[in-house]
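I opened my notebook today to get to know a new protein.

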Amino acid sequence: MTTHVLQFVELSVQDRKAGEALGRLGKGDQVEVRVRRKAGADQIVRLPLKAAALLETALSHLLQGERVAVVAENQELSPNDAADILGISRPLVVHRMDSGDLPFRYVGKHRRTKLRDVLTLKAKMDARRTALETPAADAEEQHERAGSAKKSEKSIGRSSKRAAAPRDVDQLVLGTTNAPYRRAITSPDLVARLRSRDWQNWIAHVVTFFTEVRPELILQFAQLQGIPIKDLSAAYRSMKSATGETNPALERALERLA
């Protein structure tokens, strides 16, 4: 039975329509909460500015239809709750725990990790993703320019130098795939896992390959490594079934090529 420590609050459509945004608080503003009790006098509570700002933020998200949870920094979360915050599956959270990327402790037989450690890991993941997106985008743009030049220019030699070489594609793919982890998978190991669909201890790397690497690079990598589209699609479906992780953009690309 799954237990969630993190409790989310969500407003109904009716409540969102009836609600009203608090509005941005300015310096010197004061916020008071009036509690109308069934029995006895009303209670008025004056909120400190920081508490009021938190209320403003939470209310804004709720009125936009988002779920909100307020937890203390030292609050311990289950792997499922950590997965919700990190945007990855529970098996990947457990892998991060086992690899030492996410500190945790056992409470009985159940794993628990602190919110501050989850947020620290999320910040690292976001920073790595941002750092890797720019080189990948630059390489793709350069490859597209080289392809256009190859069609229009008489000098094929110059164009071929600008096209993405197998080594460049490998470096971009492995750079993204290995970035979140201490242990690095090699190109031959990744190819072997994709062809056999036997993940062994590389499931987290395979998930990162399919979900974090740009679809164009995934297809280039498969082509350069001699992996047929049907085998790549089968590997993706196997990963999706095992972990629940998806990449809609890659799915569309694979469907077009099927």
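Below are my entries, from the whole chain down to single residues.

**Entry 1, the overall picture.** I reminded myself that this is a predicted model. I looked up the secondary structure and found 12 helices and 5 strands. The protein has 258 residues, and 33% of them count as buried. I then checked the accessible surface, which comes to about 16,200 Å², with 50% of it belonging to carbon and sulfur atoms. Among contacts with a separation of 6 or more, 62% are between residues 24 or more positions apart.

I found Arg111 in strand S5, which covers residues 110–114. Is Arg111 buried or exposed? Its relative accessibility is 14%, and buried means under 20%, so Arg111 counts as buried. Next I asked which side chains make polar contacts with the side chain of Arg111. Asp98 is one partner, at 2.9 Å, and Tyr106 is another, at 3.4 Å. Leaving out residues up to four places away in sequence, I saw that Arg111 touches several others, including Leu77, Pro79, Val94, Met97 and Phe104.

Then I turned to the loop between helix H8 (187–196) and helix H9 (203–212), where Arg197 is found. Phi of Arg197 is positive, near 60°. Gln200 lies in the loop between H8 and H9 too, and its phi is also positive, near 50°. As for the surface, Arg197 is partly exposed at 36% relative accessible area, while Gln200 is exposed at 51%.

Note on methods:
Residues numbered from 1 in each chain as written. Predicted model: local features only at pLDDT ≥ 70, side-chain atom pairs only at ≥ 80, totals over all residues. Heavy atoms only, no water. Helix = DSSP H or I, 4+ residues; strand = E, 2+ residues; numbered from the N terminus. Buried < 20%, exposed > 50% of the residue type's maximum accessible area, 1.4 Å probe, protein only. Contact = heavy atoms within 4.5 Å. Areas by Shrake-Rupley, 256 points an atom, 1.4 Å probe, with all protein chains shown as cover. Polar contact = N/O pair within 3.5 Å; in protein donor to acceptor, adjacent residues only side chain to side chain.
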